[in-house]
Amino acid sequence: MFWSVWAVWTVLCHSVSAEKVISLVGNDWTVSNSNGSISVPGHLPSQAHLDLYAQDVIGDPYYNLNDFELRWVAYSNWTYTSAPISGLSDDASSTWLRFDGLDTFATIKFCGEYVASTNNQFRQWHYDVSDILSSCSESHRIITLDFGSAPKIANQIANEPGQETWPFGVELVYEFFNRWFIRKEQSDFGWDWGPAFAPAGPWQPAYVVQLDEDDIHIRNTDIDIYRRGQTNGIPPDQSQPWVVNASLDYFGDLPEGARLHYVLKDAEEKTICSGQLESVNTTGSTVTGMVSVDDSEVDLWWPSQLGPQTLYWMTVDVYSPAGKYLTCVTKRVGFRTIVLNQTPISDEQRALGIAPGNNWHFEVNGHEFYAKGSNFIPPDAFWPRVTPHRINQLFESVIDGNQNMLRVWASGAYSPDFMFDIADEKGILLWSEFEFGDALYPVNPAFLNNVREEAEYQVRRCNHHPSLALWAGGNELESLELILLNDSAPEQLPKYKAQYEKLFIDTLAPVVFRNSKSISYTPSSTSNGYTNLNVSSPHPITQRFYDVKPGHYYSDTDFYNYDPAVLGNNSAYPVGRFSNEFGYHSMPSLQSWRSQVSEDQLSFNSSVVFLRDHHNPPGGLNTSNYRNASAGQAQMTEAVQLWYPVPDKKDPIANFSAWCHATQIFQADLYKSEIEFYRRGSGWPERQLGSLYWQLEDIWVAPTWAGIEYSGRWKILHYIAQDIYSRVIIAPYYNSSTSQLTASITSDLWTPVSGTAEFSWYDWAGHPLDTATPASVPFTVGAINSTEVLDVNLSSTLSDFEPNDAVLRMTLTASGTLPNSDVKQTFTHENWFAASPLKNAQLRDPGLELSFSNSTQSFNVTATRGVAAWVWLDYPAGAVVTFDSNGFWLAKGESRVVGFKVKSDDTGGAWIDGVTVESIWNQTLS
Ligand SMILES: *[C@@H]1O[C@H](CO)[C@@H](O)[C@H](O)[C@H]1NC(C)=O
Ligand SMILES: *[C@@H]1O[C@H](CO)[C@@H](O)[C@H](O)[C@H]1NC(C)=O
Ligand SMILES: *[C@@H]1O[C@H](CO)[C@@H](O)[C@H](O)[C@H]1NC(C)=O
Ligand SMILES: *[C@@H]1O[C@H](CO)[C@@H](O)[C@H](O)[C@H]1NC(C)=O
Ligand SMILES: *[C@@H]1O[C@H](CO)[C@@H](O)[C@H](O)[C@H]1NC(C)=O
Ligand SMILES: *[C@@H]1O[C@H](CO)[C@@H](O)[C@H](O)[C@H]1NC(C)=O
Ligand SMILES: *[C@@H]1O[C@H](CO)[C@@H](O)[C@H](O)[C@H]1NC(C)=O
């Protein structure tokens with residue numbers, strides 16, 4: 001479990017060092033505003049909104065329209081004042097303040113004296129305050145942190161003389177302006193899925209450190225594990241031994257000639273190897289050494305579904321040249337290589353039918369694999385209340401959803417270590433991004449220097465985690481920002497493209513390459529890749545930009561089209577090597593709405609519901625026009641109207657709930673269709689090797705692209721993605737203009753699988769239809785490949801039948817082995833195809849029946865009278881439960897037993913009595 005990390009850390013790093021570390025974490029703080037009208041107990045780490053809410057100065061920031069009502073909090077300064085710090089020694093050689101994160105513009109004082117000012121939420125700060133302490137009495141040993149208003153300061157910076165400007169329409173504004181001038185979580189200023197609180201406060205732990213002479217404090221650690229000779233972005237030689245390079249950032253005085261001793265232990269704390277690190281180098285702030293480890297000594301770490309998540313403990317002890325022990329650090333590590341392969345398609349690949357161009361896929365330990373997952377956004381507008389417990393629960397849903405990769409999106413915050421720890425344990429690869437998105441950024445020397453320091457700290461902090469899969473410069477830069485720029489002011493493209501390269505290639509890439517040989521870097525999520533990579537050059541990457549040849553594929557893709565007619569239109573979906581974002585928004589459940597919205601607001605177009613839809617308002621979502629935010633609600637409504645029976649219930653709350661549910665069905669249907677398309681592409685010329693949909697989870701309760709609601713409750717999407725991310729799937733592909741229907745089997749296993757596909761047509765009452773479709777088709781599908789098992793034309797196949805009353809069930813049963821396993825397993829999957837949109841289908845009551853077995857703790861759903869589409873088990877508020885499956889279809893007479901996991905339960909088990917079942921047919925009832 002994740003909390004074991006901290007326990008073992010203290011066990012393994014056992015030696016007592018001379019340094020004295022006083023934690024400032026706790027309740028010994030006061031928060032006050034500038035005029036003193038508010039002064040309440042506070043916490044560290046925290047943010048002002050959280051402390052004010054805890055003291056009832058403000059209401060729940062997430063309730064109703066408080067996101068707008070609480071603007072004054074963002075526009076105020078907030079001062080955090082510590083109690084006098086006790087236990088400081090008066091004869092230490094030096095005394096330091098260390099802050100692991102200040103959000104964002106803080107003036108730091110100690111004993112009433114100015115220490116420093118900060119301007120970057122993502123940097124670690126440390127200051128020598130020995131001189132201040134020497135003339136400071138015990139009762140005056142107080143730290144004050146005065147936080148300025150980030151929205152105000154962003155505006156001030158924007159108005160500085162000579163400040164950079166951008167052509168109209170390039171800088172995407174949501175609520176507060178000018179986020180691109182400051183190094184603060186960009187979504188704090190609003191986003192299309194979230195609120196704008198722009199919180200301020202000491203959001204990470206802080207310490208006072210006292211050192212003796214010739215003593216150091218380790219403030220950050222970079223452990224890099226790679227194959228000898230490996231360079232970033234190039235598949236390494238897997239026969240080479242491992243190199244473990246450990247580099248410690250410290251403050252204090254490290255005498256010349258320090259020695260580093262290491263111990264590598266397995267998860268059970270059995271020593272694997274130990275000794276001196278070699279080629280030790282010391283600078284005034286870093287000490288680095290390395291050692292080789294043979295393959296025979298360690299087992300590999302694999303992502304989920306591909307093998308075990310083997311982890312080790314690496315401890316480094318620091319000794320003075322005279323052999324005096326100084327300090328030590330322990331990090332949990334894994335042995336794996338992970339590469340984003342963007343090399344040109346080889347002749348061997350061409351011979352397999354892969355189209356020319358470049359690769360764009362991940363390889364773990366030298367193996368290609370299919371990346372299945374979604375995009376992670378900040379799980380809360382206030383990070384200090386994101387606990388390991390919450391992330392553990394969320395990541396359990398990621399694993400249960402058959403996902404092995406998350407793209408940690410670029411305009412939130414860098415993942416905390418506990419999040420990486422949980423990902424390391426569960427085998428979730430984290431494609432990580434620097435925090436830049438949907439804007440172009442200044443490139444003056446001060447800004448670039450600030451960014452360089454931020455990147456240096458974060459790259460080094462995160463590098464030892466085996467789940468770290470990639471660094472990307474930012475979100476939608478080449479695929480959106482440079483295109484918007486070209487639309488708005490084409491003559492200025494060269495200037496701004498050069499600025500883009502200066503920040504994302506010449507500044508960020510060298511930081512990654514200098515601090516890691518194991519992690520690949522790409523300047524923009526979604527791009528056409530590079531034409532040249534030279535990690536030791538000052539301009540290490542030459543991007544291809546838009547210089548592409550027809551019939552060649554180079555890149556990852558993203559896709560958003562809010563015309564709901566796009567559902568199932570395979571010619572509309574992008575063809576590329578990897579799909580890193582795509583989606584459509586839907587409403588959260590009634591149960592979730594009720595947790596943040598008053599009863600009078602529970603209707604589709606109420607002002608609160610309406611104002612929480614931040615999608616696509618005309619002219620962008622900023623404070624002056626957010627009240628026009630209507631586009632999103634209209635799109636969801638149109639999508640339901642185009643495809644499904646429209647809810648029209650007499651009871652207004654039941655009607656609201658049915659509409660929320662209907663928008664989730666469209667969302668799930670669309671993502672399913674796209675994932676089926678992208679996965680089939682693994683066997684097509686584009687050799688498509690990844691699908692990460694937008695977005696995993698919610699930051700609050702609102703209409704968004706999420707598959708998991710703020711409480712942890714799954715929308716239909718997460719269940720449907722779980723199903724369609726199964727290892728071996730069967731899926732229909734229909735061309736409505738030619739009436740041609742095909743079905744393919746796609747496998748992401750690493751060895752071929754063989755089995756049988758079966759097809760049966762029914763009418764909605766569940767009677768079999770006797771068509772010429774083959775009932776049973778044997779197949780073999782190769783490793784990470786797809787094969788077609790059906791190709792019929794519906795105008796002839798259904799010539800004797802009514803398409804509005806015809807549904808096709810397809811199933812597969814196959815036998816094969818999992819990666820890194822010899823054990824034969826059976827794989828099954830089923831899918832359904834309705835020959836007309838459900839809106840027009842002759843739906844009949846499927847006679848759903850539900851029972852609960854206390855002895856097996858499972859539900860049993862049966863369709864007694866007909867075919868049931870989109871069968872949905874619902875459960876009341878007060879609990880968070882995930883069913884083993886949901887959103888499925890049933891043939892007439894078919895039952896499904898559904899188990900569940902309880903994530904939280906405030907109902908004392910009573911939620912079980914409130915479980916209901918419905919299908920799409922229930923929507924037709926008034
Ligand atoms: C003090 O500041 C708060 C904002 O932090 C403001 O709402 C209040 O009106 C101010 N009070 C006075 C007396 O100026
Ligand atoms: C708020 O903080 C900013 C910058 O940190 C400072 O310039 C300003 O004077 C402060 N305002 C008040 C009322 O203290
Ligand atoms: C120390 O510096 C030397 C010379 O630059 C270099 O060859 C060696 O690899 C460095 N050691 C480490 C552990 O990086
Ligand atoms: C996928 O399978 C087909 C049919 O067996 C084969 O021709 C093709 O080369 C395979 N693709 C890859 C990338 O192995
Ligand atoms: C939906 O309809 C079925 C009959 O098919 C019925 O048993 C069930 O109670 C209905 N569900 C809800 C939530 O009304
Ligand atoms: C359900 O089963 C549990 C044990 O699994 C038992 O304690 C409980 O009494 C049972 N409840 C009923 C209503 O039978
Ligand atoms: C589920 O319910 C159906 C209909 O009552 C019944 O026929 C079937 O045996 C049940 N399945 C299980 C596993 O209890």
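**Surface, fold and local geometry**

Guide: The chain has an accessible surface of about 32,000 Å², and carbon and sulfur atoms account for 49% of it; such areas come from the Shrake-Rupley method with a 1.4 Å probe, and for residues only the protein chains shown count as cover. This is a predicted model, in which local features need pLDDT of at least 70 and side-chain atom pairs count only at pLDDT 80 or more, while totals for chains, interfaces and linings use all residues. Residues are numbered from 1 along each chain as its sequence is written, chains are lettered from A and ligands numbered from 1 in the order in which they are written, and side-chain values use heavy atoms, with hydrogens and water left out.

Visitor: How does one judge the overall form, and what is the radius of gyration of the chain?

Guide: The radius is taken over C-alpha atoms, and the globule rule is 2.2 Å times the number of residues to the power 0.38. For 926 residues a compact globule would have a value near 29 Å, and the chain agrees, with 29 Å. Its C-alpha atoms fill a box of roughly 95 × 70 × 65 Å along the principal axes.

Visitor: What share of the residues is buried?

Guide: Buried means under 20% relative accessible area, exposed over 50%, and partly exposed in between (1.4 Å probe, protein chains only). Here 63% of the 926 residues are buried.

Visitor: How many helices and strands are there?

Guide: Both are DSSP runs numbered from the N terminus: helices (H or I) have at least four residues and strands (E) at least two. The chain has 18 helices and 47 strands. In helix H17 (residues 716-724), 8 of the 9 residues are buried, so the helix is largely enclosed by the rest of the structure. Among these buried residues are Leu 717, His 718 and Tyr 719.

Visitor: Which residues deserve attention for their backbone geometry?

Guide: Most residues other than glycine have a negative phi, and most peptide bonds are trans. Asn 365, in the loop between E20 and E21, has a positive phi near 50 degrees and is buried, with a relative accessible area of 7%. Gln 857 also has a positive phi near 50 degrees; this residue lies in the loop between strand E40 (848-853) and strand E41 (858-863) and is partly exposed at 35%. A cis peptide bond joins Leu 44 and Pro 45, with omega about 0 degrees, and another joins Asp 103 and Thr 104, with omega about -10 degrees.

Visitor: Where does UniProt place the feature "domain: Beta-mannosidase Ig-fold"?

Guide: UniProt positions are given in the numbering used here, feature names are shortened, and annotations may be inferred rather than shown by experiment. The unreviewed entry places this feature at residues 843-922. That span is 0% helix and 50% strand, and its end C-alpha atoms lie 10 Å apart.
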